Amino acid sequence: LRLTTVPDLTKTTNFGAGVEYDSDRSSYDFDGNFSFSSFWFTVYQTLDQHLYGFAQLGYGTFNADETYQGEDAAVLIGGMYHGIGLGYELSYKLNIEGVYCTNKGRYHNHNNIIGLGTSTYDVRYERLNISFLAKF
């Protein structure tokens, strides 16, 4: 679920912001489910009367269920969010956008029970979002 600003295409450059909530998803590397919730600032560049490009930069929180975190209750650390995309104004009330975006985070676990020490993994979650934006 994304909530974001829509650019004013009568201006060459616009600024905006957005937030996103991801539902839980699984991973090939760990059992259980994880998600990122992100917020960002956006720079829009008008390319023609209906087409615009944009870049997003912000922060994402890293969340997971108990199965993903493991018995030692790992510490999940959020990190940078960034995206780049294109949008097109279909009508006065409707836009379509495609954005390739990345969330980064860290999984940190101290294995006291079996004496293995500390495990730290960098997490990178990439995706392509295609969204229809209704203007209110």
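Which residues are linked in a network of salt bridges? Arg2, Glu20, Asp22 and Arg127 are linked in this way, a salt bridge being a side-chain nitrogen of Lys or Arg within 4 Å of a carboxyl oxygen of Asp or Glu.

## Basis of the model

This is a predicted model, in which local features need pLDDT of at least 70 and side-chain atom pairs count only at pLDDT 80 or more, while totals for chains, interfaces and linings use all residues. Residues are numbered from 1 along each chain as its sequence is written, and side-chain values use heavy atoms, with hydrogens and water left out.

## Fold and dimensions

The protein contains 1 helix and 9 strands, in the sequence order β-β-β-β-β-α-β-β-β-β. Helices (H or I, at least four residues) and strands (E, at least two) are DSSP runs, numbered from the N terminus.

The C-alpha trace spans about 60 × 20 × 20 Å along its principal axes. The radius of gyration of the protein is 18 Å, whereas a compact globule of 136 residues would have one near 14 Å; this radius is taken over C-alpha atoms, and the globule rule is 2.2 Å times the number of residues to the power 0.38.

## Burial and contacts

Of the 136 residues, 38% are buried. Buried means under 20% relative accessible area, exposed over 50%, and partly exposed in between (1.4 Å probe, protein chains only).

Contacts (heavy atoms within 4.5 Å) also describe the chain. Among those between residues at least 6 apart in sequence, 57% join residues at least 24 apart.

## Salt bridges

The structure holds 6 salt bridges. One of them joins Glu89 and Lys135, whose closest N and O atoms are 2.8 Å apart. This pair links distant parts of the chain, 46 residues apart: Glu89 belongs to strand S7 (residues 79-91), and Lys135 to the segment after strand S9 (117-134). Glu89 counts as buried because its relative accessibility is 16%.

Asp122 and Arg106 also meet through their side chains in a salt bridge, at 2.7 Å from N to O. Asp122 lies in strand S9 and Arg106 in strand S8 (residues 94-111), so this pair ties together parts that are 16 residues apart in sequence. Asp122 is exposed, with a relative accessible area of 61%, while Arg106 is partly exposed at 37%.

A further salt bridge brings together the side chains of Glu126 and Arg124 (2.5 Å, N to O). Glu126 is partly exposed, its relative accessible area being 36%.
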